[in-house]
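Reader: I have a chain open on my screen and would like to go through it. Can we start with the charges?

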Amino acid sequence: MGQQETVATSLADTVREGIGAALAQVDADLARRYPGDPGTRQPVHTVYVPGDVFAAGTLRSWGDQALAALDEHAPDAGALAAVLGIPDALAVDVHDRVRAKLTREPVEDLRIDFEDGYGPRPDAEEDEAAARAAALVSAAYREGTAAPYTGIRMKCMEAAVRDRGIRTLDIFLTGLMAAGGLPEGLVLTLPKVTYAEQVTAMVRLLEAFEKAHGLEAGRIGFEIQIETTQSILGADGRATVARMIEAAEGRATSLHYGTFDYSASCGVSAAHQSLDHPVADHAKAVMQVAAAGTGVRLSDGSTNVLPVGPTEQVHAAWRLHHGLVRRSLARAYYQGWDMHPAHLPTRYAAVYTFYREGLEQAAARLAAYVAKAGGDVMDEPATAKALSGYLLRGLDCGAVDTAEVARLTGLTRADLDALAGRPAATA
């Protein structure tokens with residue numbers, strides 16, 4: 001009983017070795033193309049602020065305006081729950097967490113915009129704004145007041161604005177280097193990409209900057225903004241976005257869906273341009289499949305219906321935004337854009353409700369999986385990975401706490417990282 005029994009086989013070792021040799025290139029290609037989740041925190045949203053509007057107090061101003069909107073239009077937990085349909089059992093907790101978030105960290109990802117939100121300006125004016133943005137961002141990181149992720153959206157690589165975009169990016173990055181170096185949370189956005197060659201051009205641009213400053217190769221990544229039909233389906237019938245990820249040579253950090261440019265390029269009338277339109281769902285489904293396993297994250301777009309005006313109008317805009325965010329979360333688009341400070345309460349209310357309402361079930365399933373206890377659902381390793389990823393996202397954004405996850409699952413953050421296939425956590 002204590003000895004291993006000998007079993008009969010028919011294939012020689014050379015067969016196995018030959019297959020291994022034949023698939024070695026495939027193994028290497030899979031490892032290169034599909035490295036999996038990068039193991040870093042993904043912000044729940046991106047806030048765009050025009051380059052000429054951005055100031056040292058922008059983040060605090062957005063938080064204060066968001067809190068003021070709450071005080072005026074949903075002053076307590078019951079009022080917010082009634083507007084958004086938050087379950088009674090979660091109302092107080094969600095409301096309190098939203099207020100705490102708006103006080104502590106109102107913006108998770110800030111993009112200083114030098115593209116559509118900024119528009120064409122005299123060169124001297126944009127030069128000055130780009131240099132000023134670099135100085136303000138560097139100061140914010142030194143003082144501990146920056147958003148976890150911060151950067152700029154440059155103009156695109158199309159001929160008419162290419163030189164201006166490159167110059168603005170150069171001024172901004174050079175300013176950061178002069179002020180002490182590139183912050184860890186630096187994010188750059190390349191908009192209106194139509195051809196993979198434009199992504200390659202961005203890679204060459206960043207390579208040149210890294211060499212000029214003696215930076216590690218690959219130090220600077222960037223987001224690809226999907227705003228054109230050509231970025232989804234090329235003239236040759238292929239999914240262009242997959243080619244763009246490849247063209248980025250490992251530098252692409254995320255794909256951001258551009259609601260209004262993409263909808264307009266499909267001929268959708270202004271009244272129906274929304275991130276839940278069928279053309280949007282198609283584009284994002286292609287993005288999702290192209291990015292799966294590559295380590296490139298997804299971000300949904302935005303709504304341009306602003307929560308301003310009388311309370312009835314604000315409530316209608318809040319319900320719309322809340323519903324769209326919840327819809328995105330259910331479809332695994334864990335990030336989106338916010339256009340106005342009064343969007344922040346519904347962004348966080350939707351995100352926190354999403355993670356808190358599923359917390360106990362996800363924790364119980366994960367604990368049962370780890371304990372091999374079974375239960376009424378038989379989960380596989382892939383599902384355990386998804387469950388742990390769900391809990392990690394909730395922890396990252398402040399929807400749930402480490403202590404309660406540990407109490408419900410018996411697992412540490414490191415345990416969750418391992419189950420999710422992430423490297424050691426880096427916030």
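**Charges, fold and one threonine**

Author: The 40 positive and 55 negative charges of the chain have mean positions 1 Å apart. Lys and Arg count as positive and Asp and Glu as negative, while His and the chain ends are not counted; each charge is placed at NZ of Lys, CZ of Arg, CG of Asp or CD of Glu. This is a predicted model, where local features need pLDDT of at least 70, side-chain atom pairs count only at pLDDT 80 or more, and totals for chains, interfaces and linings use all residues. Residues are numbered from 1 along each chain as its sequence is written, and side-chain values use heavy atoms, leaving out hydrogens and water.

Reader: How many helices and strands are in the chain?

Author: The chain has 17 helices and eight strands, taken as DSSP runs numbered from the N terminus (helices H or I, at least four residues; strands E, at least two).

Reader: What share of the residues is buried?

Author: Buried residues are 49% of the 427 in the chain. Buried means under 20% relative accessible area, with a 1.4 Å probe and protein chains only.

Reader: New topic. Where does Thr 353 lie?

Author: Thr 353 is in helix H13, which covers residues 344-357.

Reader: Is Thr 353 buried or exposed?

Author: Thr 353 is buried, at a relative accessible area of 1%.

Reader: Which residues is Thr 353 in contact with?

Author: Apart from neighbours within four places in sequence, Thr 353 contacts Ile 86, Pro 87, Leu 90, Val 94 and Arg 326. Contact means heavy atoms within 4.5 Å.

Terms used:
Buried means under 20% relative accessible area, exposed over 50%, partly exposed in between (1.4 Å probe, protein chains only).
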